[in-house]
Amino acid sequence: MKLTTKQIALIDETLVLNTLTYSDIKYEVIDHIATEIETILSDKNIGFENALQIVFDKWNRQLKTTTLGFSVCYSLSGPKIAMDKMSRIVRNELKWALVFLVLIAASLTTLIYNFESTTPFIKTTRIALKVSLLAAFIIYVVGKILMFKSNFTTTFSKVYDRRFVLVVLYAVGFIFNILPILPDTTSSNRNIISLIFVFLYLFYSISSFVLLTKHYQLKAKYQIL
């Protein structure tokens, strides 16, 4: 028995009442729940409301509110199914961030140890990194504005959004030289620390752009204008 549009809408409303507002997960869950309800209605002589209650009782654990913690910048609560997906996104990013950091930072720190900070190489590198950081910051802010206007929420956009505080904090540190980029100093250790901050920022900027792309791919898929 196929559900009516009104019945599908009721499933949607019930999920929203359970704070599941992330469209990438919500539409998939609606499809699963609708299929399960249709199966129950075909096999048992019960009404839609009773079938709805049976299925939502089954999904209760996945829809139960849990807290993700600080892996997305600061504590975030929501349905377990959504928090689990965001946690997987963050863990996967962390894995690749470590690989990226080791490969890139190791090669550049080797060069830093072999060049004085006043050499043309260091000066050129500093300029290139400043331009890259500024470009990444501008792109991130533009992405933030676009998401704010889109009126469409996904787990990808939420992770992107929660990072904005860190992006601003780093920009402030960069502007006031709290987090210098390859500073003119004889301390190689400080240079290494600066590189770590720079490349982590650049990596997460690239990763956030990927999140932004996935968000808009889903928006196009569900034809949300």
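Helix axes are lines fitted to C-alpha atoms, for helices over the stretch in contact. In this predicted model, helix H1 (residues 5-17) and helix H3 (residues 48-58) pack with their axes 12 Å apart, at an angle of about 35°. The crossing of these two helices is right-handed. On the H1 side, the contact is made by Gln7, Leu10, Ile11, Thr14 and Leu15, and these meet Phe48, Leu52 and Phe56 of H3. Sorted by class, the residues of this contact are 6 nonpolar and 2 polar, with no charged residues.

In soluble globular proteins, nonpolar side chains tend to be buried together. Here, the largest nonpolar core has 32 residues, and the most contacts inside it belong to Ile11, Leu15, Leu20, Val29, Ile33 and Ile37. At least two residues of this core are supplied by each of H1, H2, H3, helix H5 (80-113), helix H7 (155-162) and helix H9 (188-221). H2 gives the largest share, 8 residues. Apart from this core lies another, of 15 residues, including Tyr160, Val167, Tyr201 and Leu202.

Ile11 ties these descriptions together: this residue takes part in the contact of H1 with H3 and is listed among those with the most contacts inside the largest core. Leaving aside neighbours within four places in sequence, Ile11 is in contact with Leu3, Ile30, Ile33, Ala34, Ile37, Phe48, Leu52 and Phe56.

Technical notes. Residues numbered from 1 in each chain as written. Predicted model: local features only at pLDDT ≥ 70, side-chain atom pairs only at ≥ 80, totals over all residues. Heavy atoms only, no water. Axes fitted to C-alpha atoms, helices over the stretch in contact; angles between N-to-C directions. Helix = DSSP H or I, 4+ residues; strand = E, 2+ residues; numbered from the N terminus. Left-handed = near helix turned anticlockwise from the far one by under 90°. Contact = heavy atoms within 4.5 Å. Nonpolar A, V, L, I, M, F, W, Y, C, P; charged D, E, K, R; others polar. Core = buried A, V, L, I, M, F, W, Y, C linked by side-chain atoms within 4.5 Å. Buried < 20%, exposed > 50% of the residue type's maximum accessible area, 1.4 Å probe, protein only.
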